[in-house]
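Morning, everyone. I have one model to walk you through, so let's bring it up.

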Amino acid sequence: MARDPRYDILFEPVRIGPVVARNRFYQVPHCCGMGHRYPKSMAAMRGMKAEGGWAVVSTEEVELHPSSDISPYLEGRLWDDRDIPYHARMCDAVHAHGSLAAIELAHNGISAVNRYSREVPMGPSDGAAQHPDNVHIRGMSKADIKEVRQWYRAAALRAKKAGFDIVYVYAAHDLTLLQHFLSRRYNGRSDEYGGSLENRVRLFREVIEDTKEAVGDTCAVAVRFAVDELLGEDGITHQGEGHDVIAMLAELPDLWDVNISPWENDSQTARFSEEGFQEPYISFVKKLTTKPVVGVGRYTSPDSMVRAIRQGVLDFIGAARPSIADPFLPKKIEEGRQDDIRECIGCNICVSGDFMMVPIRCTQNPTMGEEWRRGWHPEKVTVTKSRKKVLVVGGGPAGLEAARTLGQRGYEVMLAEAHETFGGRVTRESKLPGLATWARVRDWRLGQIEKLANVSLFPASRMTAADALETGAQHIVVATGSKWRRDGVGATVRRPVEGLSTGLTLTPDDILDITPKLPTLPDGPIVIFDDDPYCMGGLMAEVLAKAGHKVILLTPAAEVSPWTHNTLEHSRIMTRLIELNVDIRPGRVLTRRTVDRIDSDCVYTGRNASIEAEALLLVTSRAPVNALAAELESLRDRWAGAGLEAVTVIGDALAPATIAAAVYAGHRLGREIDADPERDRFWFEREGIEA
Ligand code: ADP
Ligand code: SF4
């Protein structure tokens, strides 16, 4: 297909200092939970982005010295020459597809408490470490500053040797020494590196100059700078010092990569932000510099990209998440296949991998992080010679992805869904406040399936085991999902709670089935018992509070939705619930209910308290819906007659988990249904051992 001429502007080459990017698609630096621990996985993943058409592909942040060690988090390292080959591997993978490789060098300043290297942490001034660590930071002497400049220089030279085309000077995310020097919060110095903005910017300027001098003949020098910290007068603002720093250094770097800080602000989820949400903060930058500007904002629509460029906000469309969800996004636009773009849903499950210190995963793109380990390509699968008929039961994320992958491989697939509408939990959850984009998990898959003549869809088809056997399928995939438990059992309460049937006891399923209209609920308070670490408890509280109910949220945890720290959403969830006057009572475990009372114990003292309320909403855990599999198992003697060879249970029907896990399960089933070379590949990356 031919490219839509409206998008031609996205494919113009752009000069960045001594190098030229072949188009305007720019994968900005992003964490991936691989770093120095899994360099082969990292190189393969970055190479895939280049193959998909991103003209610039960057590393995650790369620690430039052992005193910048943020262990146990897995970022890149360029501590000495022995790290060069790790990075050369990535440069080769990126260059193989004609893209530019960029490295984000970082000294992490007061964010680096050096748990592995045991160096004494340092920053502009003495003070407590930034994170809840039991250490203090030593203020740097002039000699230290000189030494740090040398380290930056040495690292830039190593980066050049590894083959990078763009070398970053990084002052963003509240994570780097250069930003700490810039900040009035952290910099209490009285010498020429403290006090006035001119003084606080000095080290930043010097490092940019040093880097240019060291490698600027062949490498572009990019600056990543946070123009606003959303802290008002306490921090950098885009109308104040953020603006002034750009004005002071306007022509010094070869490229400005601008964003808002810290990471919670830069990578906001769709629940809290729209596509292009950073534009109000960064749009001034291009007015102050002639150098190209890149910025992010979860751009997945080529129309929004073109608009941002035409309006003079950006020269490059920066992306972390859209490039994770679809490494082939640029190629698809280039080939006039924009309908095939697998759009990021803005859930930040990708971020959770980094916090959990394991390779990245993505809700939309099950191959993310598996490029090297399993040899999965996001666009290609092995086409089968099998004529096998496969019945997939359940059209949620797992069933849809299984049907799509099997269809792409050439199997004859039937996908049966009990409801009129496909999508399972994403269809229901996308009705919750801020989660509309989650429906993209369904819509992309249905769109792809539509193009596959060998996949037939059967909506409104609740399957019994007898129905399933009648289809004549040789393989039945059970992807029938899960239901929220009604007995109070979850991670904390391991036995059914007493008295639940004495009054109105709901689960999120009751709310999800009827939103946007809620059932008639009693006038008094609604008690939520939230024992789910992820986001559903807070979402239920939000829905009920917005509908005018008084909500009391009990949770055994110390805070609401603790797992959402991993998706950078926690503080925004707390803010929203507090603003909605939700009465949050942490450290409490549900013990009993009667008609009009809900009892709970303090998890520390065991002291009981009782709340007068008629309605209880349990957000505890989910139980698999797998009766169909059990029924099929009980009919095993009829399998041969019906031509059935195998039944596989996947996704939430096997063990409820994230949407990402369900999509992954569906994808894996599709790849591995029959023994083939893909099935046996699972390479663990072992430090120092070649695979
Ligand atoms: P997952 O996340 O594992 O994909 P979901 O709960 O999102 O799970 O989706 C499961 C889907 O399976 C739901 O849409 C549900 O309606 C459907 N389903 C459950 N039982 C049957 C059945 N017996 N026949 C057809 N569809 C079913
Ligand atoms: Fe987007 Fe979610 Fe994938 Fe991250 S995990 S890239 S936010 S879809």
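Some ground rules. This is a predicted model, where local features need pLDDT of at least 70, side-chain atom pairs count only at pLDDT 80 or more, and totals for chains, interfaces and linings use all residues. Residues are numbered from 1 along each chain as its sequence is written, chains are lettered from A and ligands numbered from 1 in the order written, and side-chain values use heavy atoms, with hydrogens and water left out.

Ligand 1 to begin. How many residues surround ligand 1? There are 22, and the closest are Ala398, Glu417, Arg425, Met463 and Asp652. To count as near, a residue needs a heavy atom within 4 Å of the molecule. By class, that shell holds eight nonpolar, ten polar and four charged residues. The classes work like this: Ala, Val, Leu, Ile, Met, Phe, Trp, Tyr, Cys and Pro are nonpolar, Asp, Glu, Lys and Arg are charged, and the others, Gly among them, are polar.

Now the polar contacts, meaning pairs of N or O atoms within 3.5 Å; within protein, one must be able to donate a hydrogen and the other to accept it, and residues adjacent in sequence count only if both atoms are side-chain atoms. Arg425 puts a polar backbone atom 2.7 Å from an oxygen of ligand 1. Ala418 has a backbone N or O atom 3.0 Å from a nitrogen of ligand 1. With Ala479, a backbone N or O atom sits 3.5 Å from an oxygen of the ligand. Taken alone, ligand 1 exposes 580 Å², and the protein buries 92% of that. Those areas are Shrake-Rupley values with a 1.4 Å probe; for residues, only the protein chains shown count as cover.

What kind of space does ligand 1 take? The second largest pocket. Ligand 2, by contrast, takes the largest cavity. Both terms come from a 1 Å grid over the protein atoms alone: in a cavity a 1.4 Å probe fits but cannot get out, while a pocket is an open set with protein on both sides within 12 Å along at least five of seven lines, and lining residues have an atom within 4 Å of a point. A molecule sits in one if more than half of its atoms lie within 2 Å of its grid points.

Look at the residues around ligand 2. Among them are Cys344, Cys347, Cys350 and Cys362, along with Arg321 and Asn348. Two elements give two or more residues to this shell: α12 (321-325) and α14 (349-355). α12 gives the most, with three. By class, the shell has eight nonpolar, three polar and one charged. Helices and strands here are DSSP runs, numbered from the N terminus (helices H or I, at least four residues; strands E, at least two).

On to strands. Two strands pair if DSSP finds at least two bridges between them. One open sheet has three strands in the order β7-β9-β8, with mixed pairing. β7 (122-123) and β8 (127-128) are the edges with a single partner strand each, so one side of each has no neighbour in the sheet. β7 runs parallel to β9 (residues 136-139) over two bridges. There, Gly123 faces Gly139.

Further along, β24 (residues 588-593) and β25 (residues 597-602) are antiparallel, joined by five bridges. A three-residue hairpin connects β24 to β25. Arg592 pairs with Asp599. β25 also runs antiparallel to β26 (residues 608-612), again over five bridges. Their hairpin has five residues between the strands, and Gly606 in the turn has a positive phi of about 80°.

Last, the backbone. Ser71 to Pro72 is a cis peptide bond, omega near 10°. Pro72 is in the loop between β4 (56-63) and β5 (76-77). Ser261 to Pro262 is cis as well, omega about -10°. And Asp174 has phi near 60°, positive in a residue other than glycine.
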